[in-house]
Protein chains: 2
Amino acid sequence: MTHITIDFGGTNIKIGLVLNGAILAHSSMPSYSGQGIQGRLDDAERAVRKLLGEQGIRMEDCTGLGIAIPGIVNSAERQVLSIHEKYEDAIGYSFDGWVRERFAMPFAMENDARAALIGETAYGAAQGEKDVVMVIFGTGIGTAVMIDGQVLRGKHHQAGVLGGHLTTDRQGPLCNCGNRGCLEEFASHRALRPRAMESRAFKDSVLSAADEMGYLSVIEARLSGDGFAAAYMEELVSHWSAGIVNLIHAYDPDAVLLSGGLMKSAEAVLPLIEEEVHGRTWTPWGKVRFLVSSQPDASVLLGLSKLLDTKSN
Amino acid sequence: MTHITIDFGGTNIKIGLVLNGAILAHSSMPSYSGQGIQGRLDDAERAVRKLLGEQGIRMEDCTGLGIAIPGIVNSAERQVLSIHEKYEDAIGYSFDGWVRERFAMPFAMENDARAALIGETAYGAAQGEKDVVMVIFGTGIGTAVMIDGQVLRGKHHQAGVLGGHLTTDRQGPLCNCGNRGCLEEFASHRALRPRAMESRAFKDSVLSAADEMGYLSVIEARLSGDGFAAAYMEELVSHWSAGIVNLIHAYDPDAVLLSGGLMKSAEAVLPLIEEEVHGRTWTPWGKVRFLVSSQPDASVLLGLSKLLDTKSN
């Protein structure tokens, strides 16, 4: 009954063996996603066999394999339809053929944020929720939506997953999706430094000297009294909140589930986001609840396993 | 088999008798919506009886009554949940009781934009469409969404209808919904004059002297060579397009159906909107088609009739 699950992330490939909604074992390797996915499949297979060997589980005893991809995925046909700046050779590639040849077991594929939401509603922080919007603040900003217990997929498989590509400022910078002023282009990890550098005050900030700039470094700089970081945080909170208000107004959820690197600092940022979102939303029925993922590294793998369960029923 | 349909608009109350997807007869009266709805119900009833009398149709031969409201409507319970700056006494009012007492026939109630979309997909410009987003550029900006043939309603009855309240500029003006920089607050009929007045160039425009300022007057002023109007139109097209991109990215439709006063100038504005939207959307499957309502004044009434059909099946 063990499921093999592979999360092809932009930075790391995570591999997990999942049994009954729990991760038995997992491993990780760099993805070098800019160089494509097909050249990484042999390594992924080796990593799966190694993990199985360590756990004393035979391949024949595994009942399914799931793959998550950070792009637009046709989960019915198990095809990648579109993906930007990473794994570009995944588009149109027959993962079916690879799985049949190397693993010979049932196979499920899904967009990573949708898999995460499925994992969180089945086993995680959103258990029992039926109307929930998930926002993952990672390198980019991923989203997924459940309405009345059904994951929203849409006609062309892209409903709910482009929440990072709703505009929060129409005059903003051009995004790699083609749109202008997307939430992701302003307030995701990958946008932090480019946007900061547009400010004159940045050069006087401790952040300008740092090698890397992530959510955590902005938050820490703000706590240390850095003037630029304080103003920048205010701007980021405004974008995050505007993005979340757009999702609430679009999908009418009971709850918003937040995850990703930013939520390592949930204590510092969540109260700011909650206050601004509650002040801006039109929700006459009450207040949207905020949830935070308790096992963000596991939710995609658990979601893939849940998808395989659903598939076999 | 005749249905009685009443569209409580912000400016006018429209009443129609509908048979087999066609309007037999209709009338209209001012709504004075700022003074509430309960005081208008007797007049609405009189107008219905007058219309029936003129057509020689007996009340007993009518098989249902439908009401559309420009607010958040629980269509299952036939209740108005929230509405801004008009018909405020409709919230919580028992329309059921009124219909039972005065008309004694099956009763359906829906948000006006959803009713319009139902009318357009059943009998109008969106016949046969199953994945479509409707945008009505009226006094405000109303929207409604159909995914896989189902009208999107959401947990609290507000999914799809708040598309005018997605932010297109997070630093924009405060909207009556509580949010900032909503599409409706920038680029609806009611916003045209307030936003224009924020520009210094406005006082030199022919528009500043006009008594009223609507979509048409901006478009005509631009055609006449008015410098302010030309720049303003460019800004409006940018907002309309950003708003439509947000809806495409949120709901993944095949088609976008436009209606409302702005579409009287479809020839002048639609090519501009189409070009900008196509350039900004992430739709690897192809291009979203644009449709324009061919009978914008009828779609709400026809949609209410369609709802009554569905109800009786």
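Contact here means heavy atoms within 4.5 Å, and helices (H or I, at least four residues) and strands (E, at least two) are DSSP runs numbered from the N terminus. This is a predicted model, where local features need pLDDT of at least 70 and side-chain atom pairs count only at pLDDT 80 or more. Residues are numbered from 1 along each chain, and chains are lettered from A in the order in which they are written.

**View 1. Helix H9 of chain B and its neighbours.** Let's check the length: at 1.5 Å times one less than the number of residues, the 14 residues of H9(B) (299-312) should span 20 Å, and the end C-alpha atoms are 20 Å apart, so the two agree.

**View 2. H7 meets H8 in chain A.** The axes (lines fitted to C-alpha atoms over the stretch in contact, with angles from 0 to 180 degrees between N-to-C directions) of H7(A) (227-251) and H8(A) (266-280) come within 9 Å and cross at roughly 50°. Trp240(A) of H7(A) and Leu272(A) of H8(A) are among the contact residues.

**View 3. H1 meets H2 in chain B.** Here H1(B) (41-55) and H2(B) (95-102) pack at about 40°, with axes 12 Å apart. So H1(B) is oblique to H2(B). Leu41(B), Asp42(B), Glu45(B) and Arg49(B) meet Phe95(B), Trp98(B) and Arg102(B).

Methods: Side-chain values use heavy atoms; hydrogens and water are left out. Angles under 35 degrees count as roughly parallel, over 145 as roughly antiparallel, 65 to 115 as roughly perpendicular and the rest as oblique.
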